[in-house]
Amino acid sequence: MVLVILGGLLFVEAYANAAFVPGERTGPGSQREVPTSVVEGGPIVNVGATGRTQSHRLPPRTLALTFDDGPDARWTPEVLRVLDKYQVKATFFVIGTQVVRNPALARRMVAEGHELGVHTFTHPDLAVLPGWRRELEYAQTQLAIASTTGVRTSLLRFPYSSSADAYTDRDWPMLRQAGELGYLTVVNDVDSRDWEKPAVDTMLANATPAGSAGTIALWHDAGGDRSGTVAALDRYIPMMQQRGYTFTTVGDGLRRTLAEAGVTDQVGGQVAAPRADRWRGDVLVGAVRVADGMFGLFGVFFVVVGGLTVGRALLLFVLALRHAARRRRHDWSWGPPVTDPVSVIVPAYNEKEGIAAAVRSLAGGDHPGGIEVVVVDDGSTDGTADIVAALRLPNVRVVRKPNGGKPSALNTGVALARHELIVMVDGDTVFEPDAVRRLVQPFADPRVGVVAGNVKVGNRRSLIAKWQHVEYVIGFNLDRRLYETLRCMPTVPGAIGAFRREALEQVGGMTDETLAEDTDITMALGRAGWHIVYEESARAWTEAPATLGQLWKQRYRWSYGTMQAMWKHRRAVLDRGPSGRFTRRCLSFLTLFGVLLPLAAPVIDLLALYGLVFLDRTETVVAWLAMLAVQFVTAVVAFRLDREKLGVLWVLPLQQFVYRQLMYLVLIQSVVTALTGGRLGWQKLRRTGNLDATARRAAA
């Protein structure tokens with residue numbers, strides 16, 4: 001719904017900026033259909049419903065100043081100042097969008113006795129528009145005028161029009177339609193051509209009529225720098241007054257012409273607008289103003305998001321590279337080798353496809369202190385426990401319990417484990433032979449309470465799996481280097497994480513209060529003051545979801561569970577000591593980069609589409625490529641640090657068009673679920689037990 005609303009506002013903004021209308025298309029035109037009385041007549045044309053035309057000129061020595069394309073915040077006040085200086089009234093043919101954006105100026109024009117005319121809403125070439133669009137252009141301008149000034153006008157000037165003798169057959173349908181709608185079409189007798197920005201003397205010469213003929217003079221109060229126009233008017237008005245000319249508005253001049261012919265009916269000019277038009281105009285004006293304001297916010301938003309993206313990338317480069325450089329120094333170590341025995345807890349619920357490979361890889365680890373594997377079957381109905389028992393591995397125990405959820409299974413395993421160092425593993429994860437040994441080495445530092453391992457995607461054949469592989473390397477493992485350096489690691493992955501029993505007991509073990517029990521326990525341990533570190537050399541291979549539906553379920557649970565954990569620990573931001581420091585850093589990073597920045601992605605995509613269609617396409621493409629380049633450089637750094645092959649990065653551009661949208665839709669659904677107080681159940685994924693050859697070789 002939000003995206004639809006934002007898209008609608010962008011549509012209004014594009015329309016208000018004339019993005020849907022063509023500009024002027026000039027070319028020679030026939031005048032066979034245009035009545036001679038129009039071509040050879042005056043600048044004011046009235047075409048009746050039957051096609052009968054009336055053409056009018058102003059009385060001799062009468063001059064109407066007309067201004068097109070305003071009102072403009074910069075130059076219209078300057079024009080009004082000159083007109084007020086000489087007590088001259090003029091006719092302003094206004095553009096509807098400009099009236100909406102400068103309502104005070106429109107009101108000032110009317111209040112000071114000037115006359116308004118319709119110059120369309122978006123200044124298109126009307127001749128190439130269908131009739132309904134032309135009518136819409138006029139009607140919307142009338143509504144804008146009615147809303148801002150309380151009047152409506154019967155005067156109309158087509159964009160790009162000039163003098164009566166320039167009407168062609170392409171203009172005749174517009175003239176007839178305008179007449180049927182009750183408009184008087186106005187062109188000009190003389191054109192200052194100020195839009196070409198000539199010298200002031202040239203403008204004066206262009207706008208000076210021959211002899212003493214009544215004249216409608218064309219000027220502009222918008223559309224660029226009009227300082228020359230203002231300077232020329234300051235000389236033009238007294239010059240024409242000295243020649244005996246009287247200045248008037250188009251409507252008043254027409255009434256004088258008709259009065260001389262004995263016609264006393266009220267014609268031309270402006271009258272009070274009906275209340276209904278004012279109300280409808282208020283809606284139109286409100287829509288354009290909201291769209292303008294929202295587009296301005298979008299611009300700021302885009303800059304902020306771009307800054308955050310680049311800032312995060314720089315932070316990753318600096319801190320992750322520093323983390324890697326420190327670890328690779330020849331004299332660096334966690335301390336004396338850790339050879340204490342390790343208990344590995346494997347919670348399992350219907351894991352028959354991959355449990356045998358997972359348990360074999362764990363039991364066959366090369367940790368010198370010995371490995372005890374405790375498989376906790378959490379009420380499986382597919383024979384998972386029997387498969388493990390049939391392996392008859394001497395260092396593997398199987399514990400069967402009624403189904404109670406993963407936290408319950410983990411706590412059961414911890415209670416039954418014999419050793420103080422505990423590794424927790426998902427039932428579909430295959431460890432490399434040295435993974436357990438490497439994973440527990442950070443415990444040589446007594447301050448370390450938790451260690452995150454390096455999770456690798458083990459099934460990389462499909463495009464979806466390749467996208468997840470890229471995400472794991474960049475979004476998870478590179479981030480963990482950053483989080484360790486800043487001491488605010490939010491999550492130790494359930495697929496491979498090591499804990500001190502002392503630390504687990506201090507925080508009360510695993511809980512089922514969130515669906516992200518790994519994030520919940522990590523935050524609790526961080527608040528308790530334990531160091532949480534990342535050991536990239538301890539690698540485990542997991543089976544990533546192979547379909548979009550399975551991926552959606554997994555990420556929905558992850559996103560929602562993470563938000564639950566953030567909410568659970570929110571009050572700790574006010575704590576003093578290690579708890580407050582950890583929570584403030586952790587929740588700030590998660591909120592900014594894990595929630596708000598991804599939620600901004602739909603708006604960025606929407607703005608990119610808007611830019612491609614309505615703005616400068618080159619600039620839009622360059623901006624998008626710059627963002628992609630930042631991601632690509634980040635990916636290269638992450639892959640190099642993780643010693644992964646770069647060939648798979650060809651999927652990165654494609655990731656921007658499907659995978660990223662899926663991820664932010666998942667996040668949006670998670671946010672909505674959280675805000676509405678919904679309760680999400682555990683989403684069990686379907687496993688196949690198929691790992692790629694690379695994963696099998698690594699685990700062998």
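Tyr 659 is buried, at 3% relative accessibility; buried means under 20% relative accessible area, exposed over 50%, partly exposed in between (1.4 Å probe, protein chains only). The model is predicted: local features need pLDDT of at least 70, side-chain atom pairs count only at pLDDT 80 or more, and totals for chains, interfaces and linings use all residues. Residues are numbered from 1 along each chain as its sequence is written, and side-chain values use heavy atoms, with hydrogens and water left out.

**Aromatic pairs**
- The whole structure holds seven aromatic pairs. Rings of Phe, Tyr and Trp (its six-membered ring) pair if their centres lie within 6.5 Å; planes under 30 degrees apart count as stacked, over 60 as edge-to-face and the rest as tilted.
- Trp 467 and Tyr 659 form a tilted pair, with ring centres 5.8 Å apart and planes at 50°.
- Trp 467 sits in helix 16 (residues 463-486) and Tyr 659 in helix 23 (residues 659-675), so this pair ties together parts 192 residues apart in sequence. Helices (H or I, at least four residues) and strands (E, at least two) are DSSP runs, numbered from the N terminus.
- Trp 467 is buried too, with a relative accessible area of 4%.
- Tyr 483 and Phe 589 pair edge-to-face, at 6.1 Å centre to centre and 85° between the planes.
- That pair joins helix 16, which holds Tyr 483, to helix 20 (residues 577-614), which holds Phe 589, across 106 residues.
- Tyr 483 is buried at 11% relative accessibility, and Phe 589 is buried at 16%.
- Ring pairs link Tyr 483, Phe 589 and Phe 593 into a cluster.

**Charges over rings**
- Arg 570 lies over the face of Trp 567, 3.8 Å from the ring centre. The criterion is NZ of Lys or CZ of Arg within 6 Å of the ring centre and within 35 degrees of the ring normal.
- The charged end of Arg 133 sits over the ring of Trp 132, 5.9 Å from its centre.

**Cysteines**
- The structure has zero disulfides (cysteine sulfur pairs within 2.5 Å).
- The sulfur of Cys 586 is 6.1 Å from its closest cysteine sulfur, in Cys 488, too far for a bond.
- Cys 488 is buried, with a relative accessible area of 0%; Cys 586 is buried, at 2%.
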